[in-house]
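Hi,

Here is the structure I promised to pass on. Have a look first, and my notes on what turned up follow below.

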Amino acid sequence: KATVSVLYCHSHRITMSASRFTVPTLVAFLLAGLWYMRTSLREESSVIPGVSVPTRPTTININGTAVNDKTLDLEIAGKGTAVSYSTFDNIKGSKGTVVLLHGERFSKQTWKELGTMHRLAEQGYLPVAVDLPGKGDSTSIDGAERESWLKKFLAGADITSPIVISPSASGWYAVPEIVKNPSSYKGWIPVAPMGTDDVSESDWKSVTTPVLFIQGEKDSAAYSSAKVIVDNVSGSKAFVMPGATHPCYLDGPELFHHVVLSFLDSLTA
């Protein structure tokens with residue numbers, strides 16, 4: 001007697017006799033199972049302990065507003081360098097400025113294509129997406145100058161008390177700066193960042209910046225970084241995106257945006 005097994009939501013298993021079901025009924029049952037799994041994952045994964053999730057966030061009208069590309073000339077260690085970044089000219093960002101860095105294989109363009117910049121602007125934040133040195137349209141710098149690059153850019157762009165989102169390789173620029181000057185940042189969202197192993201536990205304990213660590217469930221290398229930050233930075237939180245890989249924001253942009261905005265709104269509550 002033929003049977004069909006349906007597995008969903010990690011802990012539920014239903015075994016049924018195939019001879020008792022027509023093809024349309026079986027298809028309908030499978031679709032219902034998939035809907036249940038998707039709904040359950042959303043409910044289980046989109047809530048951060050201690051962070052309220054807004055159900056009807058207020059929005060601002062950005063229809064017809066374009067993202068503008070800009071170039072900032074800086075001097076670091078006596079050498080000139082150009083930093084390319086994108087932002088909205090006519091949005092004030094009443095809730096704060098969010099600086100978007102990127103990973104090794106990406107650029108500021110990633111945040112445009114993903115819709116992150118518009119999502120942030122719609123919720124009252126001013127997004128600033130930046131090309132890392134030697135990436136996109138920014139010029140290269142020496143490796144020894146990485147620790148001062150972020151601070152120099154923010155000062156040159158006249159950005160104060162930002163929230164910084166720093167995925168992967170951008171951690172080499174964000175981690176040392178935030179550890180050194182935590183009070184200069186309203187919040188920090190490291191996304192499986194590099195550079196965390198170069199910081200001692202005592203230095204992590206001195207970080208007062210509100211932190212939300214995000215990583216993909218399948219990004220096994222990031223768990224150790226999450227643990228050292230959550231264990232040592234007071235009040236820090238971690239969120240693991242189900243089924244996501246290292247660039248988890250690409251695997252689930254809507255969930256990523258939801259989690260980020262929930263954390264950002266908790267900072268302005």
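**The cores**

In this predicted model, the largest nonpolar core has 32 residues, and those with the most contacts inside it are Leu101, Val130, Trp149, Phe153, Val164, Trp188 and Trp204. By nonpolar core I mean a set of buried Ala, Val, Leu, Ile, Met, Phe, Trp, Tyr and Cys residues joined through side-chain atoms within 4.5 Å. Buried is under 20% relative accessible area, exposed is over 50%, and partly exposed is in between (1.4 Å probe, protein chains only). The elements that give two or more residues to this core are β3 (68-76), β4, β6 (125-130), α4, α5 (171-180) and α7 (223-232), and α5 gives the most, with 5 residues. Helices (H or I, at least four residues) and strands (E, at least two) are DSSP runs, numbered from the N terminus. Apart from this core lies another, of 30 residues, including Leu114, Leu120, Leu126 and Leu261.

Two housekeeping points before the rest. Residues are numbered from 1 along each chain as its sequence is written, and side-chain values use heavy atoms, with hydrogens and water left out. As the model is predicted, local features need pLDDT of at least 70 and side-chain atom pairs count only at pLDDT 80 or more, while totals for chains, interfaces and linings use all residues.

Back to Val164: not counting residues up to four places away in sequence, this valine touches Val99, Leu101, Ala174, Ile178, Tyr185, Gly187, Trp188 and Ile189 (contact means heavy atoms within 4.5 Å).

**Strand β8**

How many of the 5 residues of strand β8 (residues 187-191) are buried? The count is 5 of the 5, so the strand is largely enclosed by the rest of the structure. Both of its faces are covered, with Gly187, Ile189 and Val191 buried on one side and Trp188 and Pro190 on the other. β8 pairs with strand β7 (residues 163-167) in the parallel sense, over 5 bridges; two strands pair if DSSP finds at least two bridges between them. Isoleucine 163 has glycine 187 as its bridge partner in β8.

**Aromatic pairs**

There are 8 aromatic pairs in the structure. Rings of Phe, Tyr and Trp (its six-membered ring) pair if their centres lie within 6.5 Å; planes under 30 degrees apart count as stacked, over 60 as edge-to-face and the rest as tilted. One of the pairs is tryptophan 111 with phenylalanine 256, stacked at 6.2 Å centre to centre with 20 degrees between the planes. Tryptophan 111 sits in helix α2 (residues 109-113) and phenylalanine 256 in helix α9 (residues 253-268), so this pair ties together parts that are 145 residues apart in sequence. Both tryptophan 111 and phenylalanine 256 are buried.

Tryptophan 149 and phenylalanine 153 are also stacked, 6.2 Å centre to centre and 10 degrees between the planes. These two lie in helix α4 (residues 146-156), 4 residues apart, about one turn of the helix. Tryptophan 149 is buried at a relative accessible area of 1%, and phenylalanine 153 at 0%. Ring pairs link Tyr85, Trp149, Phe153 and Tyr173 into a cluster.

**Salt bridges**

Searching the whole structure gives 9 salt bridges, each a side-chain nitrogen of Lys or Arg within 4 Å of a carboxyl oxygen of Asp or Glu. Among them is lysine 112 with aspartate 69, at 2.7 Å from N to O. That pair links distant parts of the chain, with lysine 112 in helix α2 and aspartate 69 in strand β3, 43 residues apart. Lysine 112 is partly exposed, at 23% relative accessibility.

Another is lysine 70 with aspartate 89, at 2.6 Å from N to O. Lysine 70 belongs to strand β3 and aspartate 89 to the loop between β4 and β5 (96-100), so the pair ties together parts that are 19 residues apart in sequence. Lysine 70 is partly exposed at 29%, and so is aspartate 89 at 48%.

Then there is lysine 79 with aspartate 142, the closest N and O atoms being 2.5 Å apart. Lysine 79 is in strand β4 and aspartate 142 in the loop between β6 and α4, 63 residues apart. Salt bridges that share partners also join Lys108, Asp131 and Asp137 into one network.

Cheers
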